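Here is a short report on charged side chains that pair up. Look at the structure, then read on.

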Amino acid sequence: MLQSQVILKNYSLGGEELESLELAHLLVDTIVDKKGSNITLLDLREQAIFADYFLICNGENDRQLRAMANSVAQDAKQKAKALTNTIEGSPESGWVLVDFGDLLVHLFSPDMRHYYDLEGLWDEAHVVMRMQ
């Protein structure tokens, strides 16, 4: 008989371990500090096997998207000892994805966010947090 096993990725914060949800909350603060807007945290654990959470937000221009992507990666490393698996996309394209494995951070221009409509695509996911 096959048994499924749930593996939670843990990060470290000053000797304490953080789960991906706690990392997401830490990164919300980073995004707010960089003036990101329309922040949504989705719990995908019951809908997807490739990630547990999506953290989605808007940046108003290329410079802001670049600053948010850099700060998200840097704060995760410095504050939680979490390294990105990869950073995909570019600020010029209007979509940057910062991949922490079970937490995916989507940084969008407003137009690209509307176009891709991740919240609509994953409408059955539980909304953990929403900030305008």
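## Salt bridges in the model

Asp43 and Arg45 form a salt bridge, with 2.6 Å between the closest N and O atoms. A salt bridge here means a side-chain nitrogen of Lys or Arg within 4 Å of a carboxyl oxygen of Asp or Glu. Side chains of opposite charge can pair when their charged atoms come close.

This is a predicted model: local features need pLDDT of at least 70, side-chain atom pairs count only at pLDDT 80 or more, and totals for chains, interfaces and linings use all residues. Residues are numbered from 1 along each chain as its sequence is written, and side-chain values use heavy atoms, with hydrogens and water left out.

How many salt bridges does the structure hold? It holds four. Among them are these:

| Salt bridge | N to O distance |
|---|---|
| Asp43 and Arg45 | 2.6 Å |
| Lys79 and Asp75 | 3.7 Å |
| Arg113 and Glu119 | 2.3 Å |

Are these partners buried or exposed? Buried means under 20% relative accessible area, exposed over 50%, and partly exposed in between (1.4 Å probe, protein chains only). Asp43 counts as buried because its relative accessibility is 11%. Arg45 is at 46%, so this residue counts as partly exposed.

Lys79 and Asp75 both sit in helix H2, residues 62-80. Helices are DSSP runs (H or I, at least four residues), numbered from the N terminus. The two residues are four apart, about one turn of the helix. Lys79 has 40% relative accessibility and so counts as partly exposed. Asp75 is buried, because its relative accessible area is 13%.

Arg113 and Glu119 are both buried.
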